[in-house]
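Student: Could you take a close look at the aromatic rings here, and at the parts of the fold around them? I would like the geometric cut-offs spelled out as you go.

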Amino acid sequence: MREEIEDYVFHRDFSKTYPIITHGKGIYLYDENGKRFMDACSGAVAANLGHGVEEIAEAMALQAKKAAFVHTMRFETEVLFKLAEKIAKIAPHSLNKVYFTSGGSEANESAIKLARQFHKDAGRPEKHIVIGRWQSYHGNTFGSLSAGGDIKRRQVYTPNLINFNHVHSPNCKRCPYQREKEDCDYKQNWSCVRELESVITEIGPDNVSAFIAEPIVGSQLGAVSAPEGYFKEIRKICDQYNIVLIVDEVMTGFGRTGKDFAIQHYGISPDIMTFGKGVSAGYAPLAGMVVHDRIVDSLIENSKGKFVHGYTYSGHPVSVAAGLSALTIYERDGILKNVQVVGDYLKQQLLALKKRYPIIFDVRGEGLLVGIELAADGEVGTPFPETLHASERINNIAMELGAVFYPGSGSLNGNLGDHLLISPPLNVTSDEVDGMVKILENSLQIFIEELKEEIMYEITKQIR
Ligand SMILES: Cc1ncc(COP(=O)(O)O)c(C=O)c1O
């Protein structure tokens, strides 16, 4: 097919040639040559029910036939009410109103704007600064990129970014404050919590609008959870200074981590929770935010009920129909239970792999959001050189062998450090997990052999 068609596509990376996918079924994608790829990362942790689910396709087609587009400035649809209800019923308590967007970046953009409008209209006009965390990702639009802390993605656009502040993401295995877990008693002196407080004091609490965080850091750190008690302390600080706590569940929501939402692992409720990806299981662009009653009440009281924001495709009926169908399947098919059971199994298999492959420094994550961190010396965690692009290379080898993982870098300090996310569809079986772990093992083996050859080549070159 590639030879027959003229190429007018603005590719994601013009230095690459991507396989052309013709169809998918379950955890597999097939290209035009019949090659099969095991989707071990659900695309971008989005295709959470795998590929080719006819029930969702039919729900979308049915809605498209009834009314494909209505503008939410003028009209609403039945599917919109049904999906909002389903999401509100599983969201943390007091988060009861659901606002829809097309993607996760737009969702975070909306949350940042809502926090600002909430403060301004309630008589706190100075509050406008967002505090985010380094090594976190909230999207690629300017607002969400400014709130996020992915230094590689921010670099090109630094002059355009909004002057938001950042604190470190907690990562006990690689503590940014070089502290040992044992000497880190959060009640008295927990560095990552104290850092937030000192930044708030420095900026002035009257200027701070919101704090945004991923409950489990996905693409940037490779599935790193917060230490026990961290979010409870964060909640207290946000309450103390009247700061809106935005929790970004774009990657972690809808069962991915073994609970409906990952923040439920920590026993707190945010003020705004954003979501995306899994809400439609990747069948249509859909994302959004669930908002706490006190913010909605304030909007009604202080802003005449109007949020000064909106997109053409907010609440698009066909996307919403896909979401409604996906959530119905998650619930009906007991997906949460599968995530817990098969997620544990996946982690065990990866821990066994770690014993055989010292380049695996760490295995972490919850449910089916599992990360492995790679290191040149897995004992002490010495990272691979950045120029090696270790995680990208291992994933390229895996793709040759017929599986796709989600590679990432910067897990040590934003630049150095390599990791891979293993995040298959939530209905994956343990047999399928065995298949993907086998391909991962073979890929690591080939990578190690390639490295040995390259090192030998360098040594011979130097001797010569
Ligand atoms: C935690 C998190 N937030 C936001 C986004 C941005 O979502 P989107 O790419 O749909 O705009 C992502 C995407 O990977 C994400 O992982």
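Tutor: The structure holds 11 aromatic pairs, where rings of Phe, Tyr and Trp (its six-membered ring) pair if their centres lie within 6.5 Å, and planes under 30 degrees apart count as stacked, over 60 as edge-to-face and the rest as tilted. Please keep in mind that this is a predicted model, in which local features need pLDDT of at least 70 and side-chain atom pairs count only at pLDDT 80 or more, while totals for chains, interfaces and linings use all residues. Residues are numbered from 1 along each chain as its sequence is written, and side-chain values use heavy atoms, with hydrogens and water left out.

One of the pairs joins Phe-142 and Tyr-157 edge-to-face, at 6.2 Å centre to centre and with 75 degrees between the planes. Phe-142 lies in helix α5 (residues 142-147) and Tyr-157 in the loop between α6 (151-155) and β6 (165-167), so the pair ties together parts that are 15 residues apart in sequence. Helices (H or I, at least four residues) and strands (E, at least two) are DSSP runs, numbered from the N terminus. Phe-142 is partly exposed at 41% relative accessibility, and Tyr-157 is partly exposed at 39%; buried means under 20% relative accessible area, exposed over 50%, and partly exposed in between (1.4 Å probe, protein chains only).

Phe-254 and Phe-261 also form an edge-to-face pair, with 5.1 Å centre to centre and 70 degrees between the planes. Both Phe-254 and Phe-261 are buried. Together with Phe-100 and Phe-275, Phe-254 and Phe-261 form one aromatic cluster.

Charges meet rings as well: Arg-124 lies over the face of Phe-118, 5.1 Å from the ring centre, and Lys-173 lies over the face of Phe-361, at 4.8 Å. For this, NZ of Lys or CZ of Arg must be within 6 Å of the ring centre and within 35 degrees of the ring normal.

Now for the sheet. Seven strands form an open sheet in the order β4-β12-β11-β10-β7-β5-β6, with mixed pairing; two strands pair if DSSP finds at least two bridges between them. β4 (95-101) and β6 stand at the edges with a single partner strand each, so one side of each is left without a neighbour in the sheet. Inside the sheet, β5 (residues 129-133) and β7 (residues 208-213) pair in the parallel sense over three bridges, and Ile-129 has Val-208 as its bridge partner in β7.
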